[in-house]
Amino acid sequence: MAAGKPREVFIQGITSNGRQFRPSDWAERLAGAMSSFRPGGARGGPGAHIGYSPYCFPTTLAGVKCVVVNEALRKLEPMAWDFVMNFAKDNDLQLFDGCILPD
């Protein structure tokens, strides 16, 4: 039996009591902190700081800022996975499982 696609966890910028999480650029900041965790490891040289990891990137769904975290990050770097999940927990952010569908 072939292994399925790793799940994706969406961290919504909404707290459990329905308030919008601040600051407004939280998703970009969190995903930026995780940008070095990518297939093949961190990139060096000019422009290495530009771009998000395919394992952790910001998006907007129904007008709500989110960060999509691919479960593959857990295997690649468990401490990075724990950091992102603890960020969501510590800030009382809503989580849900899902997947990004191609356009």
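Reader: Is Q12 buried or exposed?
Author: Q12 counts as buried, because its relative accessibility is 17% and the cut-off for buried is under 20%. Keep in mind that this is a predicted model.

Reader: Where does Q12 lie?
Author: In strand β1.

Reader: And what does Q12 touch?
Author: Leaving out residues up to four places away in sequence, Q12 touches W26, V64, K65, C66, L93, Q94 and F96.

Reader: Back up to the sheet. What is the strand order?
Author: β2-β3-β1-β4. It is an open sheet of four strands, with antiparallel pairing.

Reader: Which are the edge strands?
Author: β2 (56-61) and β4 (93-98). Each pairs on one side only.

Reader: How are neighbouring strands turned against each other?
Author: By 30° on average, direction ignored.

Reader: How many bridges join β1 and β3?
Author: Five, in the antiparallel sense. β1 covers residues 8-15 and β3 covers residues 64-70. Within that pair, F10 stands opposite V68 in β3.

Reader: Now helices. Which strands does α1 lie across?
Author: Helix α1 (residues 26-33) lies across β1, β2, β3 and β4. It runs at about 20° to β3.
Author: Helix α3 (residues 78-90) also packs on the sheet, touching β1, β2, β3 and β4. The direction of α3 makes about 30° with that of β1.

Reader: Which residues of α1 are buried?
Author: W26, A27, L30 and A31. These sit on the same side of α1, because they cover an arc of only 125° around the axis.

Reader: What do the buried residues of α1 pack against?
Author: β1, β2, β3, α3 and β4.

Reader: On to the largest nonpolar core. Which residues touch the most other members?
Author: I11, W26, V67, V69, V84 and M85, out of 18 residues in that core.

Reader: Which elements give two or more residues to this core?
Author: β1, α1, β3 and α3. Helix α3 gives the most, with five residues.

Reader: Last one. What does V67 touch?
Author: Not counting residues up to four places away in sequence, V67 touches V9, F10, I11, W26, A27, L30, C56, F57 and P58. Among them, W26, A27 and L30 are buried residues of α1.

Notes
Residues are numbered from 1 along each chain as its sequence is written. This is a predicted model: local features need pLDDT of at least 70, side-chain atom pairs count only at pLDDT 80 or more; totals for chains, interfaces and linings use all residues. Side-chain values use heavy atoms; hydrogens and water are left out. Two strands pair if DSSP finds at least two bridges between them. Axes are lines fitted to C-alpha atoms, for helices over the stretch in contact, and angles run from 0 to 180 degrees between N-to-C directions. Contact means heavy atoms within 4.5 Å. A nonpolar core is a set of buried Ala, Val, Leu, Ile, Met, Phe, Trp, Tyr and Cys residues joined through side-chain atoms within 4.5 Å. Buried means under 20% relative accessible area, exposed over 50%, partly exposed in between (1.4 Å probe, protein chains only). The arc is that of the directions from the helix axis to the C-beta atoms.
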